[in-house]
Amino acid sequence: CVCVAASRSTSSMLSALVRRTVSAIETFDPYSPEFRADPYPFYRAMLESDVVNVPSGSGYVARYVARHEHVGALLRDPRMIRGNSNAWTPPPAMADYFVMTSRWMLFRDPPNHTRLRGLVNRAFTPQAVARLRERTRALAHRLIDAIDARSDFDLIASYAFELPVQVIAEMLGVPNKDRALFRDWSQALAAAIDFTNSDEPVLRANRATVALRAYFERLIAQKTAAPDDDILSAMVQAELDGGRLTLDEVIATCGLLLFAGHETTVNLIGNGTLALLRNPEQLQRLRAQPELLPNAVEEILRYDSPVQATTRITSEVIKLGGELLSAGQEVTLVIGAANRDPRVFEQPDAFDVTRQNIRHLSFGGGIHYCVGAPLARMEGEVGLAALFERMPALRLTETAPAWHGVMVFRGLRQLLVRA
């Protein structure tokens with residue numbers, strides 16, 4: 001799951017901002033290898049100000065908010081909306097992707113958001129997630145059985161990527177033979193949502209959208225004729241105050257659940273494994289006290305959040321500390337920085353599975369709080385527990401972890417380990 005992401009307009013507006021200045025003395029480039037490997041020194045600089053203004057060469061000034069107090073308040077503030085501040089018609093080669101994502105409840109405001117979320121909530125119940133726990137555990141062990149641990153292997157490709165894509169496919173009622181399709185679609189959608197300085201990720205996402213739509217049109221027809229015990233069947237049948245999801249909305253929601261339900265959990269398992277292997281004393285403590293696992297997942301979400309940033313648009317002037325945000329201003333809320341704010345977290349750069357009162361913002365807040373948060377937590381707990389139970393000698397290799405994404409998502413493209 002995930003459920004917090006950058007607005008569609010952010011990628012296009014920031015595509016030219018390859019070199020940017022956080023302050024007079026520090027350069028901020030989210031495309032740089034240094035930032036991808038470790039964004040937190042840059043975030044520490046952001047935490048010094050109520051609002052960070054980042055000018056571009058074209059005259060556009062991006063506005064970032066990083067402090068925990070401000071980010072939390074703005075996530076809940078009804079004056080911070082999702083609506084696009086600029087009317088923009090995408091080129092035909094990108095139109096399918098932008099039309100589909102415009103229907104995601106993630107990018108909608110009330111009353112449309114309220115209607116969509118109400119209908120999806122009825123299909124995406126905690127009971128449905130609870131029923132999946134044992135199935136998720138079985139999937140995790142099956143994936144571990146398939147790993148050739150006689151040599152170094154990539155934990156992301158072999159395990160962290162596969163587990164959530166199979167879980168979300170099962171929740172949607174996708175037949176086993178078709179689940180490989182979801183891997184490419186999910187990756188394509190995630191790459192387009194993040195900051196980008198190229199059109200290629202969006203073009204790839206558009207091709208994935210066309211294929212995804214054609215596939216789900218056929219599957220929805222099957223579920224309409226013969227409903228099953230899955231979320232897709234529930235969405236097709238769900239009603240709230242006499243309303244239903246339209247076919248376009250059901251397809252768009254399937255795309256959202258695929259992308260959000262997969263991307264966050266891949267990063268949660270990958271980032272969590274790396275944090276535990278880099279902090280062996282914390283892993284040893286977790287092995288000695290397995291009841292700490294739910295708390296450890298919360299600390300992973302805080303320490304190296306799978307979702308690092310989201311955007312909102314001000315619907316009116318908002319005072320933030322000593323700064324004014326003007327109406328119609330797009331603002332990037334830096335969740336990754338807020339989760340390491342020393343005003344809230346003691347020793348914020350330390351990874352501590354026993355940390356108490358972990359008030360992270362990794363699932364967002366307000367009306368857009370992640371609908372799939374229980375699923376992500378469950379998959380994180382089950383996935384990490386199975387991994388370290390089955391591979392007690394798991395350790396890092398000498399090969400440095402490789403990160404993907406830019407600023408919205410933080411996740412590993414490759415993590416070579418040995419058992």
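**Entry 1: terms and ground rules**

On a 1 Å grid over the protein atoms alone, I call a set of points a cavity if a 1.4 Å probe fits there but cannot get out. A pocket is an open set with protein on both sides within 12 Å along at least five of seven lines, and lining residues have an atom within 4 Å of a point. Grid points are joined across faces, edges and corners, and a volume is the space filled by probe spheres set on the points.

I'm looking at a predicted model, where local features need pLDDT of at least 70 and side-chain atom pairs count only at pLDDT 80 or more, while totals for chains, interfaces and linings use all residues. Residues are numbered from 1 along each chain as its sequence is written, and side-chain values use heavy atoms, with hydrogens and water left out.

**Entry 2: cavities**

I searched the whole structure and got three cavities of 30 Å³ or more. I then looked up the second largest cavity, which has a volume of about 80 Å³. Its lining has 13 residues, and R36, H404, V406, F409 and R410 lie nearest the centre. Helix α2 (33–37) and strand β12 (402–404) each supply at least two residues of that lining; helices (H or I, at least four residues) and strands (E, at least two) are DSSP runs, numbered from the N terminus.

I sorted the lining of the second largest cavity into seven nonpolar, four polar and two charged residues. For this, Ala, Val, Leu, Ile, Met, Phe, Trp, Tyr, Cys and Pro count as nonpolar, Asp, Glu, Lys and Arg as charged, and the others, Gly among them, as polar.

**Entry 3: the largest pocket**

About 470 Å³ of space lies in the largest pocket. I find 25 residues lining this pocket, with Q187, A191, E263, H404 and G405 closest to its centre. Among the elements that each supply at least two lining residues are α8 (155–160), α10 (180–193) and β13 (411–414). Helix α13 gives the largest share, four residues. By class, I noted 12 nonpolar, seven polar and six charged residues in the pocket lining.

**Entry 4: helix α11 and its partners**

I checked α5 (residues 92–102) against α11 (residues 200–225): their axes come within 8 Å and cross at roughly 65 degrees. Axes are lines fitted to C-alpha atoms, for helices over the stretch in contact, and angles run from 0 to 180 degrees between N-to-C directions. On the α5 side the contact (heavy atoms within 4.5 Å) includes Y97, F98 and M100, and on the α11 side it includes V202, L203 and V210. I sorted this contact into 12 nonpolar, two polar and one charged residues.

Next I took α11 with α13, which pack at an angle of about 115 degrees with axes 10 Å apart. From α11, L212, R213, F216, E217 and I220 take part, meeting residues of α13 that include L247, D248 and V250. That contact has eight nonpolar, one polar and three charged residues.

I counted 27 salt bridges, each a side-chain nitrogen of Lys or Arg within 4 Å of a carboxyl oxygen of Asp or Glu. In one of these, D248 and R103 meet at 3.4 Å, N to O. D248 lies in α13 and R103 in the loop between α5 and α6 (112–123), so the pair ties together parts 145 residues apart in sequence.

The peptide bond from P110 to P111 is cis, with omega near 5 degrees, and I place P111 in the loop between α5 and α6. Q347 has a positive phi of about 45 degrees although it is not a glycine; I find Q347 in the loop between α16 (335–338) and α17 (373–390).
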